[in-house]
Amino acid sequence: MTAHAPPPQDPPNGRLIDVRNYRIDAEIDRNDRISGVTEVEFGADQDDAWMLTFDLSRFLKVSRVDDEQGRSLRFFQNSEMTKDEEVSRLGHDVVIVLMPEVIRRGEMRTLKFTYSGEVISRLGSGVFYVG
């Protein structure tokens, strides 16, 4: 999962947030379906970000996004935003999270994503492919 936020004006390095840590808790069931919760801890590199964009496998569906206070946040996943599948064909999907308030430079935040999907393929002879 990668992250960035659309800015009013890009900072010189092009980065609006700096992801410091990922905590991933995932399980794979008997049908090779993955279910997981990932916490993304990040610091803001710019003032006034309120809409964050994350990239995620196109085969994973986000069901919930919470902030560090446990508030459920509004989000949109690529398939909900447009019928155009151009982005999905590239192998990733876009998740846009709307923050309840703007983020200030230097502020540390944590988002928790709950998701599931079928990203594992059996290729035979005990070989599995994730993607």
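I began with burial: 36% of the 131 residues in the protein chain are buried. Buried means under 20% relative accessible area, exposed over 50%, and partly exposed in between, with a 1.4 Å probe and protein chains only. The model is predicted, so I note its limits: local features need pLDDT of at least 70, side-chain atom pairs count only at pLDDT 80 or more, and totals for chains, interfaces and linings use all residues. Residues are numbered from 1 along each chain as its sequence is written, and side-chain values use heavy atoms, with hydrogens and water left out.

**Overall make-up**

I looked up the secondary structure next. Helices (H or I, at least four residues) and strands (E, at least two) are DSSP runs, numbered from the N terminus. Read from the N terminus, the order is β-β-β-β-β-β-α-β-β-β-β.

I then checked the contacts, meaning heavy atoms within 4.5 Å. Of those in the protein chain with a separation of 6 or more, 65% join residues 24 or more positions apart. The accessible surface is about 8000 Å², and carbon and sulfur atoms hold 48% of that. These areas come from the Shrake-Rupley method with a 1.4 Å probe; for residues, only the protein chains shown count as cover.

I traced an open sheet of four strands, in the order 2-3-8-5, with antiparallel pairing. Two strands pair if DSSP finds at least two bridges between them. Strand 2 and strand 5 are at the edges with a single partner strand each, so one side of each lacks a neighbour in the sheet. From one strand to the next, the twist averages 20 degrees. Angles run from 0 to 180 degrees between N-to-C directions, with axes as lines fitted to C-alpha atoms, for helices over the stretch in contact.

I followed strand 2 (residues 17–28) into strand 3: 11 bridges join the two. Asn21 stands opposite Glu41 in strand 3. Arg23 faces Glu39 of strand 3.

Most residues other than glycine have a negative phi. Asp32 is buried, at 12% relative accessible area. Asp48 has a positive phi near 70 degrees. Asp48 sits in the loop between strand 3 and strand 4. Asp48 is partly exposed, at 35% relative accessibility.

**The core**

Which residues touch the most other members of the largest nonpolar core? Among its 23 residues, they are Leu52, Val62, Val97, Leu111 and Phe113. A nonpolar core is a set of buried Ala, Val, Leu, Ile, Met, Phe, Trp, Tyr and Cys residues joined through side-chain atoms within 4.5 Å. Strand 3 (34–44), strand 4 (49–57), strand 5 (60–67), strand 7 (92–103) and strand 8 (108–117) each give two or more residues to this core.

I listed the contacts of Val97, leaving out residues up to four places away in sequence. They include Trp50, Leu52, Phe54, Leu111 and Phe113.

**The aromatic pair**

I searched the whole structure and found one aromatic pair. Phe54 and Phe113 form it edge-to-face, at 4.9 Å centre to centre and 65 degrees between the planes. Rings of Phe, Tyr and Trp (its six-membered ring) pair if their centres lie within 6.5 Å; planes under 30 degrees apart count as stacked, over 60 as edge-to-face and the rest as tilted. Phe54 is in strand 4 and Phe113 in strand 8, so the pair ties together parts 59 residues apart in sequence. Phe54 is buried at 1% relative accessible area, and Phe113 is buried at 0%.
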